[in-house]
Amino acid sequence: VQLVESGGGLVQAGASLRLSCVTSGVAFSRYSMGWFRQAPGKEREFVAAITWSGSNTYYTENEKGRFTISRDNAKNTVYLQMNSLKPEDTAVYYCAASINSNFVAPVAKRPELYDHWGQGTQVTVSS
């Protein structure tokens with residue numbers, strides 16, 4: 001199983017980035033997907049998630065309206081569009097896959113309930 005993130009980089013505050021996560025080795029369309037991030041010295045935190053069908057999405061209140069998660073099951077890829085980036089968004093961003101059949105918001109926000117993880121992509125936002 002491989003999850004490979006890309007699209008991170010160094011940008012100025014107010015800019016946009018689009019992260020991608022390509023998966024292989026799993027039946028992608030059966031998995032709900034999430035994005036998490038981890039800043040230096042902090043715990044990994046939930047950012048956004050999307051159910052296997054794409055019919056439901058979940059966000060934290062801070063990211064709602066700025067970030068958009070989407071998926072393309074034909075390409076085995078999940079995306080995170082990030083707009084109006086802030087310095088506090090600086091972190092390593094990870095995608096993760098969950099086979100959980102009851103993928104509701106409280107489940108989506110718990111990293112321990114995901115089955116597979118990528119290696120992460122660095123996002124740095126300068127002020």
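Biologist: How many disulfides does the count come to?
Modeller: The count comes to one disulfide, taking a disulfide as a pair of cysteine sulfur atoms within 2.5 Å. This is a predicted model, where local features need pLDDT of at least 70, side-chain atom pairs count only at pLDDT 80 or more, and totals for chains, interfaces and linings use all residues. Residues are numbered from 1 along each chain as its sequence is written, and side-chain values use heavy atoms, with hydrogens and water left out.

Biologist: Which residues form the disulfide?
Modeller: C21 and C95 form it, with their sulfur atoms 1.9 Å apart.

Biologist: Is the S-S bond right-handed or left-handed?
Modeller: Right-handed, because the torsion about the S-S bond of C21 and C95 is about 45°.

Biologist: Is C21 buried or exposed?
Modeller: C21 is buried, at 0% relative accessible area. C95 is buried too, also at 0%. Buried means under 20% relative accessible area, exposed over 50%, and partly exposed in between (1.4 Å probe, protein chains only).

Biologist: Switching to aromatics. How many aromatic pairs does the structure hold?
Modeller: Six. Rings of Phe, Tyr and Trp (its six-membered ring) pair if their centres lie within 6.5 Å; planes under 30 degrees apart are stacked, over 60 edge-to-face, and the rest tilted. One of the pairs is F36 with F46: the centres are 5.6 Å apart and the planes at 75°, so the pair is edge-to-face.

Biologist: Where in the chain are F36 and F46?
Modeller: F36 sits in strand 4 (residues 32-38) and F46 in strand 5 (residues 45-50), ten residues apart. F36 and F46 are both buried.

Biologist: What about the rings of Y58 and F103?
Modeller: Their centres are 6.2 Å apart and their planes at 55°, so that pair is tilted. Y58 is in strand 6 (residues 57-59), while F103 is in the loop between strand 9 (91-98) and helix 1 (105-108), 45 residues away. Y58 and F103 are both buried.

Biologist: Which residues do ring pairs link into a cluster?
Modeller: F36, F46, Y58, F103, Y114 and W117.

Biologist: What sits over the ring of Y94?
Modeller: The charged end of R44, 3.8 Å from the ring centre. R44 also lies over the face of W117, at 4.7 Å from that ring's centre. The rule: NZ of Lys or CZ of Arg within 6 Å of the ring centre and within 35 degrees of the ring normal.

Biologist: New topic. Where is S32, and is S32 buried or exposed?
Modeller: S32 lies in strand 4. At 1% relative accessibility, S32 is buried.

Biologist: What does the S32 side chain reach?
Modeller: The backbone nitrogen of W52, at 3.2 Å. Beyond its neighbours within four places in sequence, S32 has contacts that include I50, R71, A96 and F103. Contact means heavy atoms within 4.5 Å.

Biologist: How far apart are I99 and S32?
Modeller: 67 residues in sequence, but 6.3 Å in space, C-alpha to C-alpha. I99 is in the loop between strand 9 and helix 1, and counts as partly exposed at 34% relative accessibility.

Biologist: Which residues is I99 in contact with, leaving aside neighbours within four places in sequence?
Modeller: R30, Y31 and D115.

Key:
Helices (H or I, at least four residues) and strands (E, at least two) are DSSP runs, numbered from the N terminus. A polar contact is a pair of N or O atoms within 3.5 Å; within protein, one must be able to donate a hydrogen and the other to accept it, and residues adjacent in sequence count only if both atoms are side-chain atoms.
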